[in-house]
Amino acid sequence: MAIALIASTFDRDHPSDAWVAGYFSWGITLFNERIAAPPAMQARLSLGSLERDLPQDKWLRLAFHALPDGSMAFRESFAPSFGLRYFPVMRGRIVLNARRHEVRVIGLCSWFVAILSLLLLPLVAMRPMVAPMLLVLPLFLASYLVQKRRYAAIVEALRMQLKTEFPK
């Protein structure tokens, strides 16, 4: 059980730091928002400016990185700051799909959170003295709710980019 926790911790930290494309494209979907956008409107999107388009709030800023397949990955920035912090439960990805005429914002569950949550109940059943560890479950829920709100802000920023009319 300890080996699974250590492996999932490594799985959470290393691929996210290196912006590994597979890490941002495979996982359990916790957030999935679709925005209807024909290819002409998708061409208007400026995914590189999303960091500037998001409202400044009290939380850590989000870092965005273009992936080789044309999608955009994002996560909380690890840069030093004085912003409020929460445990990152999800990592995100923005996918442009010209064939389906949509833009999708996807939030994938951290494997560390999923494995720890699944292992806690059997662990508490085997060793009741670790019951205080159950307090991480409400922490994960609170972090998820904060991240869900932040991901919804990304969806709104994308909608604003799609609505913006350029002068002729």
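Predicted model: local features only at pLDDT ≥ 70, side-chain atom pairs only at ≥ 80, totals over all residues.

The core has 31 residues, and the ones to select are Phe-64, Ile-94, Val-105, Ile-154 and Leu-158, which touch the most other members. Now color by element: β1 (29-36), β2 (62-66), β3 (72-76), β4 (90-97), β5 (102-109), α4 (111-126) and α5 (136-163) each put at least two residues into this core. Helix α5 supplies the largest share, with 8 residues.

Now go to Arg-150, found in helix α5. Buried or exposed, would you say, for Arg-150? Its relative accessibility is 8%, so Arg-150 counts as buried, the cut-off being under 20%. Show the surroundings again: setting aside neighbours within four places in sequence, Arg-150 is in contact with Asp-57, Trp-59, Leu-60, Arg-61, Leu-62, Glu-76 and Tyr-86.

Keep Arg-150 selected, and bring up the largest pocket. Its volume is about 220 Å³. The pocket is lined by 13 residues, and Arg-150 is among the closest to its centre, along with Leu-54, Pro-55, Asp-57 and Arg-61. Both β2 and α5 supply at least two residues of the lining, and α5 gives the most, with 3 residues. Color the lining by class and you'll get 7 nonpolar, 1 polar and 5 charged residues.

Time for the salt bridges. How many salt bridges does a search of the whole structure find? The count is 5.

Select Glu-102 and Arg-34 to see one of them: the closest N and O atoms are 3.4 Å apart. Glu-102 sits in strand β5 and Arg-34 in strand β1, so this pair ties together parts that are 68 residues apart in sequence.

Arg-100 is partly exposed, with a relative accessible area of 48%.

For the next pair, select Asp-69 and Arg-93. Their side chains meet in a salt bridge at 2.4 Å, N to O. Why does this pair tie together parts that are 24 residues apart in sequence? Because Asp-69 lies in the loop between β2 and β3, while Arg-93 is in strand β4. With the surface still on, Asp-69 counts as exposed at 52% relative accessibility, and Arg-93 counts as buried at 12%.

For the last stop, select Glu-33, Glu-156 and Arg-159 together. Salt bridges that share partners join these three residues into one network.

How values were computed. Residues numbered from 1 in each chain as written. Heavy atoms only, no water. Core = buried A, V, L, I, M, F, W, Y, C linked by side-chain atoms within 4.5 Å. Buried < 20%, exposed > 50% of the residue type's maximum accessible area, 1.4 Å probe, protein only. Helix = DSSP H or I, 4+ residues; strand = E, 2+ residues; numbered from the N terminus. Contact = heavy atoms within 4.5 Å. Salt bridge = Lys/Arg side-chain N within 4 Å of Asp/Glu carboxyl O. 1 Å grid on protein atoms, 1.4 Å probe; cavity = no way out; pocket = protein on both sides within 12 Å on 5 of 7 lines; lining within 4 Å. Points joined across faces, edges and corners; volume = space filled by probe spheres on them. Nonpolar A, V, L, I, M, F, W, Y, C, P; charged D, E, K, R; others polar.
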